[in-house]
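Thanks for sending this one over.

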Amino acid sequence: MESETIELDRGDKGLGFNIKGGTDQQHIPSDDGIFVTKIRDDGAAAVDGRLQKGDRILEINGVDVEKVLHKQAVDLFLNAGNQIVLKVVHGAEQEAAAEAASEVANNKPKTTSSTDGDANSGSSRKYILLTLTVAAVIIGVFVAYKKGKFSNLNSTKL
């Protein structure tokens, strides 16, 4: 995906968005990225209009934040002054979530073949049940994600 550089002026209302993520508190399993989780109506991001919920932040004022602690990213924002230059990838959160769900779905448990060759053996039934359970969880998480159920968990306002 292509990145975009966005310049924001903090102004009186602040930057006006929340972030989640980092190497210490992944927003999406197996992804250390920093993601925009909310755009507040009165902040610089909403006024500018380019930064969107779901964008991955790659750089803050030229500093790479792809593999940093959450607090390090927050500190970069807090100490950035009035002019902030962000390098972002739009819509990256949805793509990262889909990749994480795919990894979970493809992480199939090893099964042993039945000694009698019966297709309805206990291990086959357990594998089918496990597969259906994983699929149901993935669908449930995706639906909750789309409805914004996770939007305010461990989110930092900027």
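1. Is Ser30 buried or exposed? Ser30 counts as exposed, because its relative accessibility is 60% and the cut-off for that class is over 50%. You'll find Ser30 in the loop that links strand E2 (17-21) to strand E3 (34-39). Take a look at the backbone there too: Ser30 is not a glycine, yet its phi is positive, at about 65°.

2. Asn61 belongs in the next note. This residue, again not a glycine, has a positive phi, near 50°. Its place is the loop between strand E4 (56-60) and strand E5 (63-64). With a relative accessibility of 34%, Asn61 comes out as partly exposed, since that class lies between the 20% and 50% cut-offs.

3. Now a word on confidence. Keep in mind that this is a predicted model. The average pLDDT for the protein is 83, and 80% of the residues reach at least 70. The stretch to watch is residues 108-120, where pLDDT stays under 50. For that stretch the model has 8 contacts beyond four places in sequence.

4. On to the overall layout. The protein has 4 helices and 7 strands. Starting at the N terminus, the order is β-β-β-α-β-β-α-β-α-α-β. If you take the contacts between residues at least 6 apart in sequence, 68% of them join residues at least 24 apart.

5. How many aromatic pairs does the structure hold? There is 1. Phe17 sits in strand E2 and Phe77 in helix H2 (residues 70-78), so the pair ties together parts that are 60 residues apart in sequence.

6. Last, the surface. The protein has 158 residues, and 32% of them count as buried.

Conventions:
Residues numbered from 1 in each chain as written. Predicted model: local features only at pLDDT ≥ 70, side-chain atom pairs only at ≥ 80, totals over all residues. Heavy atoms only, no water. Helix = DSSP H or I, 4+ residues; strand = E, 2+ residues; numbered from the N terminus. Buried < 20%, exposed > 50% of the residue type's maximum accessible area, 1.4 Å probe, protein only. Contact = heavy atoms within 4.5 Å. pLDDT = per-residue confidence, 0-100. Phe/Tyr/Trp six-rings, centres within 6.5 Å; stacked < 30°, edge-to-face > 60°.
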